[in-house]
Amino acid sequence: MNQKILNSNMSIRWVVALKVEAEIILDEYNMNFDPEFTLFQVFRNFEKTRWLILSGVGRHNSAAATTYLYMISKASRSTCWINLGIAGSGKGHYGDLCLVNKISNNDSSNTYPATMPKVTFHKMNLFTSDVPLTDYTLHELIDMEGSAFYDITNKLSGREFICLMKVISDGPNNDIEDLNKFKIRELINLNIANIKTIVSYYEKLSMDQYQIIQQPKILSEILSQWHFSVSQKHQLENLIKRINTLSKDEEIIKLIKDCKNSRSVITNLEAKILNTKVDWSLV
Amino acid sequence: MIETIYVEKIIKEHPRTKLILSKLKKAKIIEIDRYGEIFNKRNQNFRIQKNNPDLILAFKNEGYVLPTPEGFGVGSSKNYYFSHMFNCIYDCRYCFLQGMYSSANYVIFVNFEDFDKEIEEVIQDNKDKKITFFSGYDCDSLALENLTGFAKHITNIFAKYPDVDIEFRTKSVQTEPFTSIEPLNNVIVAYSLMPNLMSKVLDNKTPSVLKRINAMSHLAAKGWKIGLRFDPLIHGKNWEKLYKELLENIYNTIPADSIHSVSFGPLRFPKEMFKDIFKLYPETPLFSGPLSQQNGVVSYDLKIEEEMTSFCSNITENYIDKSQIFKCSA
């Protein structure tokens, strides 16, 4: 039961260019096509904690799809965003899974995604090109969507909640022309264990962040009993959070049960804080 | 362990950059133009970054030496500070750095010689005044000494100016460079301290208070002047007993003539900074205590501040001359 509640607080959004790159992920995380959304193909799990959008190829498609997914899936500040796809590389080996730690393109300044810590996966610089490139000498990784995905998600979420992972599919010794649906699907499938490791890190990150930013459970109960102005609501939420660290909800209810109005609720809670002597031996 | 190091292109060939990189061979190195591309950008999460901070090696262009805020000092008429580094390897829940920067990554400025130049200019401009410099305002002075060598470098500068004091403020038990050189009378190695019970909750990733006392005892025995910084003073159940035990333990361990000064500072946050820190760490017990906002500052009630300062000062006066005791209000 508790695990179920925790999982329902987790929020992951995938932006993937091609269906063939997404198939293994859709199976693995039980995401199904949702016909409600028609602008792009959208998939989600039953609990609506995991969503995946097929953006199509290119920066404009990726930016539009990411924004669309944000809108329709009600993503929050605790949502983690993942871009998965194949990439060309002049440095890595065919089939390697890489995390991206620097992104450049021809138009704008460089950006620097945070990468999942304490892992042994390769971390590489990504160049996002508007046309397919076959000169692999200048860049570690090459794709056609990454920079747009990062630029948009960095506005929707924090840098630490964004992940770009690429599987090397072509390079000087692996002609891009030889790629086909079966090979792409196989490349993703071969890396699924590592992909799952990365995803589980972001799942935990999302759940932890949810715990930090969520409103105290008791807040709505109090708000329903007295009328609070907008600034009083903020004040109330902060006071409850501060008191909740060391006291249970029942104690808070006891403190305010006889209050006549919102002002006296806040006054009582402030008085509680001012009279608290933290017992450092118990925390 | 630092996994990623961002290096500004302009200093990638700097000998100090090369030295630092040679000590972190396993890290992935990423070239950048300016440290501002990574550091303190919007949409970063200090708390998450703090779990595994990256290192940024950069060139500082200006503002090497700055006057300290009013109320910060240990007796000199003029006080200055400098920071060769932004951010700290420790994770103290009351630290202003949590609210100062949106990024927890470490920035180390490698052009130490520019600090030297400006420090010497300030000394020349204040020849007739008693001045003190503070290292470790935006970082811990000694915690990354093995990597940077900054304390050793800057101590050499102050060796030339025996009338000018330099304080290295720290929670580290790093005793180099001081154990390898002869003590200097104008160098103060100052330790931030609080009762162990509070420190265990609030001073994350730091050496224990006992280890800090051992380190200062070691340096005192070598002849170095020790500063004791009870800043911030933390309120809570049995605070009198806890501070009394701590103070008496220290004064019975460190000889009085090794103590340069003792200062007591209140816990204070500018209102907006408190908001940011509280958003990051709402579950911190520190914020369940009697902090309130007055005149744009979040602090304990003045009565509590004064009670705690007086209590600790009174105990200290039994061991140390009153002229060496300071109340810090910055």
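Modeller: V7(B) stands opposite L57(B) in β3(B). This is a predicted model, in which local features need pLDDT of at least 70, side-chain atom pairs count only at pLDDT 80 or more, and totals for chains, interfaces and linings use all residues. Residues are numbered from 1 along each chain as its sequence is written, while chains are lettered from A and ligands numbered from 1 in the order in which they are written.

Biologist: Why are β1 and β3 of chain B called paired strands?

Modeller: Strands are DSSP runs of E, at least two residues long, numbered from the N terminus. Two of them pair if DSSP finds at least two bridges between them. Three bridges join β1 (residues 4–8) to β3 (residues 55–58) in chain B, so the pair meets that definition. The two run parallel.

Biologist: What makes β2 and β6 of chain B edge strands?

Modeller: The open sheet of five strands in chain B has the order β2-β1-β3-β8-β6, with mixed pairing. β2 and β6 (85–86) each have a single partner strand, so one side of each is left without a neighbour in the sheet.

Biologist: What makes a residue of chain B count as in contact with chain A?

Modeller: Two residues are in contact if their C-beta atoms, placed from the backbone, lie within 7 Å. By that rule, 27 residues of chain B are in contact with 29 residues of chain A. On chain B, β2 (28–32), α2 (46–50) and α7 (196–202) each supply at least two residues of the touching side. The largest share, three residues, comes from α7(B); helices here are runs of H or I, at least four residues long.
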